[in-house]
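Welcome! Here are some friendly questions and answers to guide you through a structure that may be new to you.

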Amino acid sequence: MFIRRRFFSIIGRAMNGTQQYETEVLKVNPSTIIINDEKKSIEFTNSETKKAIETAASLLRSSQVVGFPTETVYGLGASSLSSDAVTKIYEAKNRPADNPLISHISSVDMIKNVFKTEVPEIYNPLISKFWPGPLSIILPVSDDCPVSPVVTAGQNTFAVRMPENKIARALIQVSNLPLAAPSANASTRPSPTKAEHVLHDLNGRIPLILDGGLCDVGLESTVVDGTVDPPMLLRPGGVSLEEIRKLGHGWENIVLGKKTAGQYEKVRTPGMKYKHYSPTARVILFENFDKLESAIDTYLKNSTITSNTKIAVLTTKHWDTSGGGNLVIPLGKEGEEIQRNLFAALRDADAQEVDLIFVEGVDEGEQGLAIMNRLSKAASDIISNK
């Protein structure tokens with residue numbers, strides 16, 4: 001009870017106003033970063049990248065926030081150990097106060113040495129297979145765990161992952177801090193996969209963005225909870241459900257958590273509550289329509305399109321758009337390509353000031369589960385042909 005009272009007191013103070021900054025964007029080159037996991041050392045072969053990382057690390061140690069790339073999406077990072085720092089994340093994003101954050105680490109040792117928490121044995125196969133990478137795990141908050149209650153949203157668990165992106169890991173290691181880091185976008189907007197997306201949403205609201213190019217995965221991490229029996233997949237993401245089940249060791253029994261939590265329900269991970277990933281235009285998601293024409297005909301049964309209606313069409317595997325005059329944005333044919341392009345495509349369509357975005361849905365196997373999870377949250381309407 002004390003933790004929750006302290007949490008809401010901190011958040012209440014944070015929401016009184018947003019500090020203004022002259023946001024700086026610094027280029028960083030991941031190929032010039034050498035990380036030696038065995039020696040727990042890091043080297044830079046480029047002085048500009050080194051200086052940029054050190055500048056960002058200095059800000060983090062001063063309880064500031066920094067935008068930085070990961071392999072999933074760009075994150076907005078602050079020290080997981082500082083409530084003053086983490087409240088700046090909520091403030092910059094206008095993020096709901098009861099939406100917890102994921103902490104990012106540069107080594108597994110940080111869980112024990114920094115968070116004073118033991119890793120439950122069930123996670124060992126996942127860590128061996130998928131770390132560093134786009135997988136987050138739920139851990140219990142131990143009695144002496146220093147994680148800020150703002151990170152956990154006042155709950156008794158917290159989420160952790162070790163990113164694969166060299167810039168992210170270097171930033172954590174140089175700052176010597178675990179970083180709470182949601183996606184570096186304004187709340188409800190599509191997640192950022194380029195530095196320019198971060199600048200578009202948060203210019204003037206954060207001091208620094210590290211520009212490391214396009215994110216490789218393009219969707220947020222998978223979040224699993226092994227503290228319950230059977231274990232649960234709380235959010236699909238960069239590691240598929242099928243990959244996790246193949247590991248065995250209890251993970252073959254993993255069950256899917258609910259896609260969307262209730263208004264007053266506590267959640268252990270981001271992405272389960274509130275509107276997410278939405279552009280300004282209305283997104284219409286079509287399930288099981290192999291032809292664009294039949295999708296539009298079905299939509300027109302209950303809605304109208306005028307000659308002035310600007311439409312973007314996001315295609316995946318089947319839709320033929322050769323005969324249409326709409327803005328067409330191909331997402332790709334395969335799951336990894338589609339998820340990498342999804343958020344950027346939604347933002348590109350918005351930049352064209354379209355009124356409607358028609359999206360061709362995909363099967364929910366492999367990467368399709370995470371893709372459809374994000375699209376269903378972004379959509380104003382879902383039209384199914386089942």
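Q: Does S183 count as buried or exposed?
A: This is a predicted model, in which local features need pLDDT of at least 70, side-chain atom pairs count only at pLDDT 80 or more, and totals for chains, interfaces and linings use all residues. Residues are numbered from 1 along each chain as its sequence is written, and side-chain values use heavy atoms, with hydrogens and water left out. Buried means under 20% relative accessible area, exposed over 50%, and partly exposed in between (1.4 Å probe, protein chains only). S183 has 15% relative accessibility, so S183 counts as buried.

Q: Where is S183 found, and which residue that it touches also belongs to the "binding site" in UniProt?
A: Helices (H or I, at least four residues) and strands (E, at least two) are DSSP runs, numbered from the N terminus. By that numbering, S183 is in the loop between β9 (179-180) and α8 (195-202). The unreviewed UniProt entry places the feature "binding site" at R95, N99, T157, S183, S191, R235 and Y277; positions follow the numbering used here, feature names are shortened, and annotations may be inferred rather than shown by experiment. Leaving aside residues up to four places away in sequence, S183 has contacts (heavy atoms within 4.5 Å) with several residues, including K93, E220 and S191.

Q: What is the relative accessibility of N99?
A: N99 is also listed under "binding site" in the UniProt record, and its place is in the loop between α3 (83-93) and β6 (102-104). N99 counts as buried, because its relative accessibility is 3%.

Q: How many residues apart in sequence are the parts that D211 and K27 tie together?
A: The side chains of D211 and K27 meet in a salt bridge (3.1 Å, N to O), a term for a side-chain nitrogen of Lys or Arg within 4 Å of a carboxyl oxygen of Asp or Glu. D211 lies in strand β10 (residues 208-211) and K27 in strand β1 (residues 24-27), so the pair ties together parts that are separated in sequence by 184 residues.

Q: Which strand holds D381, the salt-bridge partner of R282?
A: The closest N and O atoms of R282 and D381 are 2.3 Å apart. R282 lies in strand β14 (residues 282-287), whereas D381 lies in strand β18 (residues 381-384).

Q: What pLDDT does the chain average?
A: pLDDT is the predictor's confidence in each residue, from 0 to 100. In this chain, 90% of the residues score at least 70, and the average is 91.
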